[in-house]
Amino acid sequence: MDSAPEAPAAVPYQFVLTMQFRDGSFGCVDGVTYVDPGTTRADVFTELRDRLVRGAGQGGFVTFFTLEPNGL
């Protein structure tokens, strides 16, 4: 019996995203996220930005964003 090829594993990335909100306050999310093959940097950025906006209950603009493989 042939087995299906194993799906590539998600890759861990460390991230930091900082925003200034409309009311002048700042917010930040940071940590490690696991990214599936085929996911773009823009996809991860949008997900993280939306998470921060939902948590703050208001929009604003991004002041800093970094996304790097979580390996040395």
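Phe-45 is partly exposed, with a relative accessible area of 21%, where partly exposed covers values between buried (under 20% relative accessible area) and exposed (over 50%), computed with a 1.4 Å probe on protein chains only. The model is a predicted one, in which local features need pLDDT of at least 70 and side-chain atom pairs count only at pLDDT 80 or more, whereas totals for chains, interfaces and linings use all residues. Residues are numbered from 1 along each chain as its sequence is written, and side-chain values use heavy atoms, with hydrogens and water left out. Helices (H or I, at least four residues) and strands (E, at least two) are DSSP runs, numbered from the N terminus.

**Sheet and helix**

- Three strands form an open sheet in the order 2-1-3 with antiparallel pairing, and two strands are taken to pair if DSSP finds at least two bridges between them.
- Strand 2 and strand 3 are the edge strands, each having a single partner strand, so one side of each is left without a neighbour in the sheet.
- From one strand to the next the twist averages 15°, with axes defined as lines fitted to C-alpha atoms (for helices over the stretch in contact) and angles running from 0 to 180 degrees between N-to-C directions.
- Helix 1 packs on this sheet and touches strand 1, strand 2 and strand 3, while its direction makes about 45° with that of strand 1; contact here means heavy atoms within 4.5 Å.

**Strand pairing in detail**

- Strand 1 and strand 2 run antiparallel and are joined by ten bridges; they form a hairpin with four residues between them, and Gly-24 in the turn has a positive phi of about 95°.
- Strand 1 also pairs with strand 3 in the antiparallel sense, over nine bridges.
- Tyr-13 stands opposite Thr-33 in strand 2 and opposite Pro-69 in strand 3, whereas Thr-18 stands opposite Phe-64 in strand 3.
- Thr-66, which is placed in strand 3, counts as buried at 19% relative accessibility, and its contacts, leaving aside neighbours within four places in sequence, are Gln-14, Phe-15, Val-16 and Arg-41.

**Nonpolar core**

- The largest nonpolar core has eleven residues in all, namely Phe-15, Leu-17, Met-19, Phe-21, Val-29, Val-35, Val-44, Leu-48, Leu-52, Phe-65 and Leu-67.
- Two or more residues of this core come from each of strand 1 (11-21), strand 2 (26-35), helix 1 and strand 3 (60-69), and strand 1 gives the most, with four residues.
- Such a core is defined as a set of buried Ala, Val, Leu, Ile, Met, Phe, Trp, Tyr and Cys residues joined through side-chain atoms within 4.5 Å.
- In soluble globular proteins, nonpolar side chains tend to be buried together.
- Leu-52, in helix 1 (residues 41-56), counts as buried at 9% relative accessibility.
- Not counting residues up to four places away in sequence, Leu-52 touches Leu-17, Met-19, Phe-21, Gly-27, Cys-28 and Val-29, and its C-alpha atom is separated by 8.6 Å from that of Thr-18, 34 residues apart along the chain.
- Val-35, with neighbours within four places in sequence set aside, is in contact with Ala-10, Val-11, Tyr-13 and Val-44.

**Aromatic pair**

- The structure holds one aromatic pair, formed by Phe-45 and Phe-65 in an edge-to-face arrangement, with 5.0 Å centre to centre and 75° between the planes.
- This pair links distant parts of the chain, since Phe-45 lies in helix 1 and Phe-65 in strand 3, 20 residues apart.
- By definition, rings of Phe, Tyr and Trp (its six-membered ring) pair if their centres lie within 6.5 Å, and planes under 30 degrees apart count as stacked, over 60 as edge-to-face and the rest as tilted.

**Salt bridges**

- A search of the whole structure finds two salt bridges, each requiring a side-chain nitrogen of Lys or Arg within 4 Å of a carboxyl oxygen of Asp or Glu.
- One of them joins the side chains of Glu-47 and Arg-51 at 3.9 Å, N to O; being four residues apart in helix 1, Glu-47 and Arg-51 are separated by about one helical turn.
- Glu-47 is partly exposed, with a relative accessible area of 46%, and Arg-51 is partly exposed as well, at 36%.
- Another salt bridge joins the side chains of Arg-49 and Asp-50 at 3.5 Å, N to O, where Arg-49 counts as partly exposed at 28% relative accessibility and Asp-50 as partly exposed at 29%.
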